Amino acid sequence: METAERFRAAVEKRDLSALEDLFTEDIRLYSPVKFLPFEGRPMVLGLFGVLLRVFEDLHYVGHFEGATETSADGTQAPAAVLPFRATVDGKQIHGIDMLHFDGDGRIKEFTVMVRPQSAVHTLGQAVLTGLQADGLA
């Protein structure tokens, strides 16, 4: 199973331990609620621990593949886009996860985009609360 499908399966099963081997050590995650990226496998795994608690009814609704420039260094990298739907604190969220892969097929960069704006605010508050509760913020 390719990395994007393994990622999708792990998230939908809420299996945090299955995500660890999919991320590079220096992964960068770009969030819709924070200007600077979350950096490094321990921090990104901590964030996913919060996200897996915060998102209700998370399910992916598609899968697109291609290549795009990474934010970190502008190099072209294989990429997958996974559209999703979820609920956070009663608000319906539509979003995408964009995964960039390294030469070994592991996720080196991750970008999350969500809509509508009210859902972004709700998600930001829920994630901040979770990060604080876990001692990560």
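Reader: How many helices and strands does the chain have, and in what order do the elements run?

Author: This is a predicted model, and its chain has four helices and seven strands. Starting at the N terminus, the order is α-α-β-β-α-β-β-β-β-β-α.

Reader: Where is confidence lowest, and where is it highest?

Author: The mean pLDDT of the chain is 92, and 99% of the residues reach at least 70. Helix H4 has the lowest confidence, with a mean of 89, while strand E1 has the highest, at 96.

Reader: How do I judge the overall shape?

Author: Start with the radius of gyration. A compact globule of 137 residues would have a value near 14 Å, and the chain agrees because its own value is 14 Å. The C-alpha trace spans about 40 × 30 × 25 Å along its principal axes. Of the 137 residues, 47% are buried. The chain exposes about 7000 Å², with 51% of that supplied by carbon and sulfur atoms. Contacts tell you about the fold too: among those between residues at least 6 apart in sequence, 53% join residues at least 24 apart.

Reader: What should I expect of the nonpolar side chains?

Author: In soluble globular proteins, nonpolar side chains tend to be buried together. Here the largest nonpolar core has 39 residues, and Phe7 and Phe48 touch the most other members. Two or more residues come from each of helix H1 (3-12), strand E1 (23-30), H3, strand E3 (56-60), E5, E6, E7 and H4. Helix H3 gives the most, with eight residues.

Reader: Which residues is Phe7 in contact with, leaving aside its neighbours within four places in sequence?

Author: Its partners are Leu19, Leu22, Phe23, Phe48, Tyr60, Leu82, Asp97, Leu99, Ile107 and Phe110.

Reader: Is Phe101 buried or exposed?

Author: Phe101, in strand E6, has a relative accessible area of 11%, so it counts as buried, the cut-off being under 20%. Beyond four places in sequence, Phe101 touches Thr3, Ala4, Ala77, Pro78, Ala79, Ala80, Arg106, Ile107 and Lys108. Take Thr3: it is 98 residues from Phe101 in sequence, yet the two C-alpha atoms are 8.5 Å apart in space.

Reader: And Pro42: buried or exposed?

Author: Pro42 is in helix H3, and its relative accessibility of 61% makes it exposed, the cut-off being over 50%. Pro42 also pairs two distances for you: Glu20 is 22 residues away in sequence and 8.8 Å away in space, C-alpha to C-alpha.

Reader: Which residues of H4 are buried, and what covers them?

Author: An α-helix has 3.6 residues a turn, so residues three or four places apart point the same way. In H4 the buried residues are Ala119, Val120, Thr122, Leu123, Gly124, Ala126, Val127, Gly130 and Leu131. Their cover includes strand E2 (38-39), helix H3 (41-54), strand E5 (76-88), strand E6 (91-101) and strand E7 (107-115). For one example, Thr122 is buried at 12% relative accessibility. Thr122 touches Val88, Asp89 and Lys91, not counting residues up to four places away in sequence.

Reader: Where is the cis peptide bond?

Author: Look from Arg115 to Pro116: that bond is cis, with omega near -10°. Pro116 lies in the loop between E7 and H4.

Methods:
Residues numbered from 1 in each chain as written. Predicted model: local features only at pLDDT ≥ 70, side-chain atom pairs only at ≥ 80, totals over all residues. Heavy atoms only, no water. Buried < 20%, exposed > 50% of the residue type's maximum accessible area, 1.4 Å probe, protein only. Contact = heavy atoms within 4.5 Å. Core = buried A, V, L, I, M, F, W, Y, C linked by side-chain atoms within 4.5 Å. Rg over C-alpha atoms; globule rule 2.2 N^0.38 Å. Areas by Shrake-Rupley, 256 points an atom, 1.4 Å probe, with all protein chains shown as cover. pLDDT = per-residue confidence, 0-100.
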